[in-house]
Amino acid sequence: MEQKIARVDAKTLKGYLHDGGELALFDAREEVPFELRHLLMAGNVPLSRLELQVGYLVPNRDTRVVWCDDGDGLAERAAARMAALGYTDVAVLEGGVSAWEDKGYPIYQGVHVPSKGFAEVVEHEAQTPWITAQELKSMMDADADFALFDSRSFAEFNGNSIPGAISVPGAELVLRFPDMVPSPDTTVVVNCGGRTRSIIGAQALIDAGYPNKIVSLRNGTQDWHLAGYEVVVGATKTAPEVSSAGLETARKAAARVARAFDIATADPAEADLSASRKDGRTAYLIDVRTQEEYEAGHLKGAKFVAGGQLVQETERHLGVWGARVLLVDDNGVRATMTASWLMRMGWDVAIIAMESCTGLSLETGPYKAPVLELPAPGVRRMTPEELRADLENGAARVTDLDWSQNFYGGHIPGACWAIRSRLAEVLPQLQDAGKIVLTSPDGALAELAASDLSALTDVPVFALSGGTDAWAAAGFALEAGKDRLLCAADDIRLRAREQETGVEEAMRAYLAWEIALNAQLQADDDQRFRL
């Protein structure tokens with residue numbers, strides 16, 4: 001029997017956000033429509049990828065969950081799906097985003113708004129010092145004593161950076177600073193692509209008590225680009241390994257921050273999430289070291305998220321407001337600095353140093369998120385070899401469900417592209433084939449979609465075993481391009497630098513939007529910042 005989904009009005013949801021209880025608030029649309037208008041506290045969990053995300057984001061099946069959309073019916077479908085997966089307290093926001101707005105509550109544009117807005121409030125309240133692109137260029141031309149640290153992920157740094165910059169992702173700054181900046185007379189400039197990680201990175205070093213002049217680069221590499229200066233592609237310079245003396249200095253710096261913000265240390269036994277969740281409360285265990293360190297050995301159940309990225313896009317990793325967050329690293333420095341920011345964002349945080357976890361078992365390799373409803377019932381599977389033979393004979397049509405940007409970069413020759421939640425709409429374009437074969441990077445999303453689609457057509461539907469990764473591993477060719485899109489590619493919004501035209505205009509608009517968040521959030525009682 002199908003479970004009836006409850007509906008809550010905007011006023012009731014507003015009460016949920018302030019009653020002290022746990023709440024998972026999700027928007028079921030794809031990222032582009034979500035970006036245009038959404039609730040501040042809503043995380044973007046597209047219906048098309050629900051089973052891939054909610055198992056991690058909402059680990060307790062009795063957590064209070066509310067879904068919303070903008071009147072397109074996706075929230076109802078997502079809530080029904082979550083209820084079918086065993087969640088017991090699922091509701092839909094009656095009237096969606098428009099009803100929230102009609103009640104006089106604010107609506108936001110952009111993505112990761114709680115994180116990005118937080119940085120703007122931090123800069124305003126802490127008066128974090130900054131310099132302009134022109135001032136940085138003058139320092140370069142004068143051969144001044146300065147260091148430039150790019151606090152984004154290495155991939156972002158490698159894609160576009162400022163000449164002479166060193167890649168030091170956010171949470172690594174305090175740990176690696178003593179070895180990178182031996183002189184207190186060196187001016188330190190922290191930058192990112194725009195503003196958030198520049199501000200947070202610079203303020204973290206200031207909070208840590210390092211004696212140098214420390215500033216953020218106002219508006220990051222985007223302002224550098226807008227000023228007409230050279231942007232480097234392919235930079236590879238990274239921070240040196242941490243010395244024993246550098247580690248000791250960094251520990252003392254982190255200890256100052258821990259005292260200043262009264263950061264709690266968790267009992268290592270709390271790392272056993274199955275035990276910590278027995279009281280019904282949600283807990284997340286997140287390892288904030290580098291990915292290489294994480295994969296070499298991490299606590300069982302811990303997810304890898306670099307500390308700077310966790311602050312940059314918090315709602316992507318912490319899906320339940322009011323949950324407890326346990327941050328892990330090897331010696332506590334990176335966890336302490338990350339915790340100091342999450343606490344100020346309103347989260348209940350404690351740190352665990354792995355050196356205190358003697359006796360706890362470790363796992364190796366990359367993090368694998370739980371995928372609900374796999375193996376999908378009744379799904380037929382096809383090997384890459386079988387698919388290649390069918391394609392050579394014209395007996396199959398392949399539809400790729402990967403992110404659109406990944407599809408553009410490489411897909412099975414002749415494959416179409418679609419969003420899983422729209423397969424019913426595009427089905428007429430697929431039914432002329434002898435077989436419909438669905439693929440995704442590792443095959444998981446394809447299996448889920450094949451289970452859905454099989455109920456809608458008499459044409460045999462298959463999932464490619466191991467997905468496109470298995471096809472490539474078998475030595476079969478991929479092709480690139482944007483042809484054969486069966487629906488709008490609104491799953492990923494393009495960054496300003498990725499626009500095909502109007503790049504500079506997009507950069508200016510983005511920076512203006514980000515700066516304006518301070519005033520918006522100062523007036524919004526839903527945000528939980530504690531500064």
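Which residue follows α7 with a positive phi? This is Asp143, whose phi is near 55°. The points below begin with the basis of the model and then return to that helix.

1. The model is predicted, so to speak of local features a pLDDT of at least 70 is needed, and side-chain atom pairs count only at pLDDT 80 or more, while totals for chains, interfaces and linings use all residues. Residues are numbered from 1 along each chain as its sequence is written, and side-chain values use heavy atoms, with hydrogens and water left out.

2. Helix α7 spans residues 133-141, and Ala133, Leu136 and Met139 in it are buried (under 20% relative accessible area, with exposed over 50% and partly exposed in between, for a 1.4 Å probe and protein chains only). These three cover an arc of only 120° around the axis, which puts them on the same side of α7; the arc is that of the directions from the helix axis to the C-beta atoms. Helices (H or I, at least four residues) and strands (E, at least two) are DSSP runs, numbered from the N terminus. Among the elements covering the buried residues of α7 are β7 (146-150), β9 (187-191) and α11 (220-226).

3. Helix α4 (residues 74-84) has Leu74, Ala75, Ala78, Ala79, Met82 and Ala83 buried. Seen down the axis, these residues fall within an arc of 165°, so they line one face of α4. An α-helix has 3.6 residues a turn, so residues three or four places apart point the same way. The cover over the buried residues of α4 includes α3 (50-57), β4 (65-68) and β5 (90-93). Just after α4, Gly86 has a positive phi of about 105°.

4. Strand β12 (residues 283-287) has five of its five residues buried, so it is largely enclosed by the rest of the structure. Ala283, Leu285 and Asp287 lie on one side, and Tyr284 and Ile286 on the other. β12 runs parallel to β15 (residues 324-329), joined by five bridges, and Leu285 stands opposite Leu326 in β15. β12 also pairs in the parallel sense with β14 (residues 303-304) over two bridges, where pairing requires that DSSP finds at least two bridges between two strands. In β14, Phe304 stands opposite Asp287.

5. The largest nonpolar core has 101 residues, and Trp67, Phe149 and Leu327 have the most contacts inside it. Such a core is a set of buried Ala, Val, Leu, Ile, Met, Phe, Trp, Tyr and Cys residues joined through side-chain atoms within 4.5 Å. Helix α16 (residues 333-345) gives the most to this core, with eight residues. Another core lies apart from it, with 36 residues, among them Ala415, Leu430, Leu453 and Trp471.

6. Arg422 is found in the loop between β20 (416-417) and α19 (423-426). Arg422 is buried, with a relative accessible area of 16%. Leaving out residues up to four places away in sequence, Arg422 touches Glu30, Cys487, Ala488 and Asp490, contact meaning heavy atoms within 4.5 Å.
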